[in-house]
Amino acid sequence: MAIDMHTLVDRARGLVSRRIMADEEIYRLELERIFNRCWLFLAHESQLAKPGQFVTTWMGDEPVIVTRDSHGQVHAMINSCRHRGNSVCRAEAGRTSSFMCTYHGWTYGLDGQLVGVPGYEERYHGDLDRRQWGLIPVSQVASYKGLIFGTFDPQAPPLEEYLGDARWALDYILDQRSGGTEVVGGVFKWLINSNWKLSADNVMGDNYHGAITHRSATTVGHQTLSRIERRNNGRGDDLPAGPGVRPGFSAPLGWGHGFMCDLQPPGDHSFMEHPEPLRSYYRETLPELERRLGPMRARVKKINLTLFPHASFTTSSNMLHVWHPRGPTQTEVWLYVIVDKDAPDEVKQLLRQSAQRHFSPSGMFEQDDMDNWELSTQAAGRTISRNYPLHYGMGLGHEGWEDDGVVSRQINAINDESNQRAFYYGWDDFISSGNWDALRRKRAAWESGQPVAEGAALGG
Ligand code: FES
Ligand SMILES: [Fe+2]
């Protein structure tokens, strides 16, 4: 049955068709209109610190090599030989001066240029124009404070424009200290049988699930913290409050970006929710953070940020999850731990261990989440269930928009699904817009607070 693309996101009621979580045709469209157009996270610069270092990654369904050449410049190109298409790099990361295809030996430089062809004189008679047969380049590559992004769309706006107000949250993650950040340890990589969007929307805005989904993990965590508290301070009564409505705000931005921000009560710089030596580290570096980012961000307790489409940051253990789509019902998750470069080693290791314990494939919280996402995805593909939309309508029409100059669009509390709605509005904008001028108009309308009432009503 043909799908009417205008009925997938119902903005008037906050409903989202289940079909977008499992349908092959929609998935192909996502690759074309989202993953081939948007700026996508490629790597952290610390992974490419030295000339010749490279990592391989994904941009949608295209495998990509990201390199630093001998002049220090970063390049990104598709990992497919121009001769017969074989991969030219089989490693996940490393250091090299060139990439030799294992099929017939065509060899490419760190900038993707074709530099070696076996039998160039004897077999090709010198007739092959090697300048035309380099690896297919990623159209634009740019960095933002240590994060390298790329886009296949030569028309895509500059990276900073694409990120927009999400930079307020990104700066909190990347720019607290003058030395910048680095990735600590390797990258966790695993497959889950769920649609990539369910993960991206969860991290960006789902403040509703924690009390139920993570109840057992939280209970155990509280006990663990309690023991740490007693050991460190001889007291166990300063534990984090239970989940619920929390002080802070949500920022449902345009183009599908958004973040939610938990705040400490004014004047509370105790960092009691963290064990030592993290707590001391946060206290000691707070003045530098405040100097660099101002008083509001000095109050931040935790930020959850999703950069559309698929890069989700959680500052609780300094994590970046990237949700690489591997089909409509499968996602390859990559987890990075990003720490201040100048932090003491024991702080870096503690954050890495914390991310591993909580949100790696064996992490107590990640396992809870993955289980839910997989069952939601299965239901989205079933013959009857798929005709009934998903409900993202919590708090619709009761948002309490605020403007205190932090970002262009924010809500005064973290207690609804406004971020997740913004994610699907952005998704809908990319799926339905043929060019960046139309996308710019839609983003401006959303961020200036004009009502957006597109999309026909869904059944159910
Ligand atoms: S496929 Fe790469 S050299 Fe032939
Ligand atoms: Fe969760």
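R28 is a residue of helix α1, and in this predicted model it counts as exposed because 12 C-beta neighbours lie inside 10 Å, while a residue is called exposed at 12 or fewer. Although R28 and D61 are 33 residues apart along the chain, their C-alpha atoms are separated by 9.7 Å.

The domain assignment of the protein gives domain 1, made of residues 5–36 together with 165–447, and domain 2, which covers residues 40–144. Taken over C-alpha atoms, the centres of domain 1 and domain 2 are separated by 33 Å. To the contact between them, domain 1 brings 12 residues and domain 2 brings 10 residues. On the side of domain 1 that touches domain 2, at least two residues each are supplied by α1 (24–35), β13 (181–183), β19 (319–325) and β20 (331–340). Of these elements, β19 gives the largest share of that side, with three residues. Sorted by class, the side of domain 1 that touches domain 2 holds nine nonpolar residues, two polar residues and one charged residue.

## Two open sheets

Strands of a sheet pair through backbone hydrogen bonds, in either a parallel or an antiparallel sense. One open sheet consists of three strands in the order β3-β12-β11, and its pairing is antiparallel. Its edges are formed by β3 (40–44) and β11 (140–144), and because each of them has a single partner strand, one side of each is left without a neighbour in the sheet. From one strand to the next, the twist in this sheet averages 30 degrees. Five bridges pair β11 with β12, a strand of residues 147–151, in the antiparallel sense, and Y144 stands opposite L147 of β12.

Another open sheet also has three strands, arranged in the order β8-β9-β10 with antiparallel pairing. Here the edge strands are β8 (98–100) and β10 (114–116), each of which pairs on one side only. Strand β9, residues 107–109, is joined to β10 by two bridges, and the two strands run antiparallel; for T107, the bridge partner in β10 is G116.

| Strand pair | Sense | Bridges |
|---|---|---|
| β11 and β12 | antiparallel | five bridges |
| β9 and β10 | antiparallel | two bridges |

Helix α9 (residues 345–359) and helix α10 (residues 364–380) have axes that come within 3 Å of each other and cross at roughly 35 degrees. The contact is made by R357, H358 and F359 on the α9 side and by M364, F365 and E366 on the α10 side. By class, the residues of this contact of α9 with α10 comprise three nonpolar, one polar and two charged.

How far apart are the end C-alpha atoms of helix α11? Helix α11 has 15 residues (residues 418–432), and at 1.5 Å a residue it should span 21 Å; its end C-alpha atoms are 21 Å apart, which agrees with that expectation. Of the 15 residues of α11, 13 are buried, so this helix is largely enclosed by the rest of the structure.

Note on methods
Residues numbered from 1 in each chain as written. Chains lettered and ligands numbered in written order. Predicted model: local features only at pLDDT ≥ 70, side-chain atom pairs only at ≥ 80, totals over all residues. Helix = DSSP H or I, 4+ residues; strand = E, 2+ residues; numbered from the N terminus. Expected span 1.5 Å × (residues − 1). Buried ≥ 20, exposed ≤ 12 C-beta atoms within 10 Å, placed from the backbone. Pairing = 2+ DSSP bridges. Domains from an automatic or database assignment. Contact = placed C-beta atoms within 7 Å. Nonpolar A, V, L, I, M, F, W, Y, C, P; charged D, E, K, R; others polar. Axes fitted to C-alpha atoms, helices over the stretch in contact; angles between N-to-C directions.
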